[in-house]
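Please take a moment to look over the sequence and the 3D view before reading on.

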Amino acid sequence: MRTYSPLATDEVKILLDELVGAALPDAYRRSMTQLGEAFGKSLNGTLSGIKHLLLICTNEDADFLARGVKDGIHSRKGPDVSVACFWNDRVKLEGKSDLQFELAPIVRKYVEPGESDAFLVVKSIISTGCVVRTNITELIQERNPSRVLIFAPVIFKGADNQLKDDFEPDIARRFEFFYFRRTPSGTTMARLFQALEATSTNASGSRPRNAVTCLN
């Protein structure tokens, strides 16, 4: 059964329902941007004491979800925000006993220089955490943030614990998870995946343009 976090206002719930049924790219982009902005605005007290925040996203999320989050933070006069954007491939490997292993190698990245008191990792949906794990691992030793905030509008039940188990305790203890809806896999989530996949490309069918310019 799906559950909502205290962050999920009535407006957010409406946006989530619109996201599931988004048939056109523009509808998806609008809903994702507004969900990001709503979350960014909610972080006012949570970001207290943080001066330099590194916003980590994928290229698919940069134009919409991540941009909304950044705009929401700025509207509340939050900390300075720099950006790290990753282009990840997705590779599935077959293991013994029909087990599947998923990898998300980085094929390209854009990382703004500077200090980082904390990470804010945003992803449209977290199911296995493969992409999130890869991108955190790429920067965690170099930047050594005191806090790692991880946000997705929708997260699969158990995905947060699975992600923490993939890291050493000293790193996992820094993780703070935020979401609007937590849900098991099922029919509703299958439709959501279809909406995300169908609208993560632009009208021409290609991957989004270099979205980092929209975040600056």
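Are Phe 151 and Phe 180 buried or exposed? In this model, which is predicted, Phe 151 is buried, and Phe 180 is buried as well.

The structure holds 6 aromatic pairs, and one of them is formed by Phe 151 and Phe 180, with 5.3 Å from centre to centre and 75 degrees between the planes, an edge-to-face arrangement. This pair links distant parts of the chain, since Phe 151 belongs to strand β9 and Phe 180 to strand β10, and the two are 29 residues apart. In the pair of Phe 167 and Phe 175, the ring centres are 5.2 Å apart and the planes stand at 75 degrees, and because planes over 60 degrees apart count as edge-to-face, this pair is given that description too. Both of its members, Phe 167 and Phe 175, are buried.

Phe 151 and Phe 180 also belong to one aromatic cluster, which they form together with Phe 39 and Phe 178. Phe 178 is placed in strand β10, which covers residues 175–183. Why is Phe 178 counted as buried? Its relative accessible area is 16%, and since buried means under 20%, Phe 178 falls into that class. When residues up to four places away in sequence are set aside, Phe 178 touches Leu 7, Phe 39, Thr 46, Leu 149, Ile 150, Phe 151 and Ala 152. The C-alpha atom of Phe 178 is separated by 9.3 Å from that of Val 154, a residue 24 places apart from it along the chain.

In soluble globular proteins, nonpolar side chains tend to be buried together. Here the largest nonpolar core has 57 residues, and those that touch the most other members are Leu 120, Val 122, Ile 136, Ile 150 and Phe 175. Strand β9, residues 147–156, supplies the largest share of this core, namely 8 residues. Leu 120 shows what such contacts look like in detail, for beyond its neighbours within four places in sequence it is in contact with residues including Phe 39, Leu 43, Val 69, Ile 73 and Leu 149.

Ser 116 is found in the loop between β6 (106–111) and β7 (118–122), and because its relative accessible area is 10%, it counts as buried. The side chain of Ser 116 is joined to that of Arg 143 by a polar contact of 2.6 Å, and, not counting residues up to four places away in sequence, Ser 116 touches His 52, Leu 54, Arg 143 and Pro 145.

The charged end of Lys 13 sits over the ring of Tyr 4, at 4.8 Å from the ring's centre, while Arg 108 lies over the face of Trp 87, 4.4 Å from the ring centre.

Among contacts between residues at least 6 apart in sequence, 78% join residues at least 24 apart. The accessible surface of the protein comes to about 10800 Å², and 49% of that surface belongs to carbon and sulfur atoms.

Methods:
Residues are numbered from 1 along each chain as its sequence is written. This is a predicted model: local features need pLDDT of at least 70, side-chain atom pairs count only at pLDDT 80 or more; totals for chains, interfaces and linings use all residues. Side-chain values use heavy atoms; hydrogens and water are left out. Helices (H or I, at least four residues) and strands (E, at least two) are DSSP runs, numbered from the N terminus. Buried means under 20% relative accessible area, exposed over 50%, partly exposed in between (1.4 Å probe, protein chains only). Contact means heavy atoms within 4.5 Å. A nonpolar core is a set of buried Ala, Val, Leu, Ile, Met, Phe, Trp, Tyr and Cys residues joined through side-chain atoms within 4.5 Å. Rings of Phe, Tyr and Trp (its six-membered ring) pair if their centres lie within 6.5 Å; planes under 30 degrees apart count as stacked, over 60 as edge-to-face and the rest as tilted. A charge sits over a ring if NZ of Lys or CZ of Arg is within 6 Å of the ring centre and within 35 degrees of the ring normal. Accessible areas come from the Shrake-Rupley method with a 1.4 Å probe; for residues, only the protein chains shown count as cover. A polar contact is a pair of N or O atoms within 3.5 Å; within protein, one must be able to donate a hydrogen and the other to accept it, and residues adjacent in sequence count only if both atoms are side-chain atoms.
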